[in-house]
Amino acid sequence: MKKQFAALAVISCFVLLLCSCSPKQSTAEEPEDNSNTGQEISGSGSEDTEEADSASESEDTVESSTEEKSGSGVEKHTAEAYVFSVEGDTMYVDLENPGPRNYPGEGEYRKVAFDISGAEVIQTDISDVNPERDNPIRTAVIVTIDYHTVNGEYIADKITTDGQEHFFIVYMSKGEITAVSETQITVNVTEGDHGGETLEFDLTEWDPVGRVLTVGESVDISYYTKEGVHYVTSIAIP
């Protein structure tokens, strides 16, 4: 009996010895090697950065091209105008009212200067009454201007005109004087402009040359109108 127990003890010790010598196996899975994955993520970030830089450079190029195009492009304009005067290579015009003047000097306070040194000049209407001129651009003509601007200066490229002069508008009326003073007469207009009306005429710009006007006298009057006042330019006895 004792021999059997001793034999069992020896066998148990042997088994324990074998178990302690066998390699341990881990029950948990070893983590995968992510070194390659880390490199791929890092590489992807680098590519995104390069693409962003490339896109930024492309946008900068577009903006630069737009500025160059805008800076080098010349914007053209066309306008009708009334010419006040021409002094050398400079033409002074009224861009607000291109028509004939209602009275002398109308609009001169708003005159605009154009450089016409390089402008092509075209006269569109040529006749015996309105002959072709070496330079049809002069005071009182109406023009069409093709132009551009440089640093706020108006540069004319082409100027077109019929060459006909249009001074201030002169009205003509015939009637009978109903009242007279040193500076004014009243006329009952029977013919011409404002026929059927009774008008007062300012004489301050008329040179009577010793003439004396009387009530009841029939007259032919030439005049212009400024701010509602009729200024006489000439008076004739029919």
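User: Hi! Where does E217 sit in this one?

Analyst: Hello! In this predicted model, E217 is placed in the loop between β9 and β10, the latter being residues 218–226.

User: Buried or exposed?

Analyst: E217 is buried, because its relative accessible area is 18% and the cut-off for buried is under 20%.

User: What does its side chain reach?

Analyst: The side chain of E217 reaches the backbone nitrogen of T214, at 3.2 Å.

User: And which residues does E217 touch, leaving out those up to four places away in sequence?

Analyst: Those are G175, E176, I177, R211, V212 and I237.

User: Nice. Switching to the strands: which ones make up the closed barrel?

Analyst: The barrel has 5 strands in the order β7-β8-β9-β11-β10, and the pairing is mixed. On average, neighbouring strands of this sheet are turned by 55° against each other, direction ignored.

User: How do β7 and β8 pair?

Analyst: They are antiparallel, with 7 bridges between β7 (residues 171–180) and β8 (residues 184–192). A hairpin through 3 residues connects β7 to β8. V180 has I185 as its bridge partner in β8, and A179 has T186.

User: And what about β8 with β9?

Analyst: That pairing is antiparallel too, with 5 bridges joining β8 to β9 (residues 198–202). T186 turns up here again, with E200 as its bridge partner in β9. The hairpin of β8 and β9 has 5 residues between the strands, and H194 in the turn has a positive phi of about 65°.

User: New topic: how many salt bridges are there?

Analyst: The count comes to 8 salt bridges. One of them pairs D157 with K76, at 3.2 Å from N to O. D157 is in strand β6 (residues 153–165) and K76 is in the loop between α2 (35–72) and β1 (77–87), so this pair ties together parts 81 residues apart in sequence.

User: How accessible are those two?

Analyst: D157 is partly exposed at 23% relative accessible area, while K76 is exposed at 56%.

User: What about R101 and D94?

Analyst: Their side chains meet in a salt bridge at 2.8 Å, N to O. R101 is buried at 3% relative accessibility, and D94 is buried at 0%. A salt-bridge network links D94, E96, R101 and R110.

Terms used
Residues numbered from 1 in each chain as written. Predicted model: local features only at pLDDT ≥ 70, side-chain atom pairs only at ≥ 80, totals over all residues. Heavy atoms only, no water. Pairing = 2+ DSSP bridges. Helix = DSSP H or I, 4+ residues; strand = E, 2+ residues; numbered from the N terminus. Axes fitted to C-alpha atoms, helices over the stretch in contact; angles between N-to-C directions. Buried < 20%, exposed > 50% of the residue type's maximum accessible area, 1.4 Å probe, protein only. Polar contact = N/O pair within 3.5 Å; in protein donor to acceptor, adjacent residues only side chain to side chain. Contact = heavy atoms within 4.5 Å. Salt bridge = Lys/Arg side-chain N within 4 Å of Asp/Glu carboxyl O.
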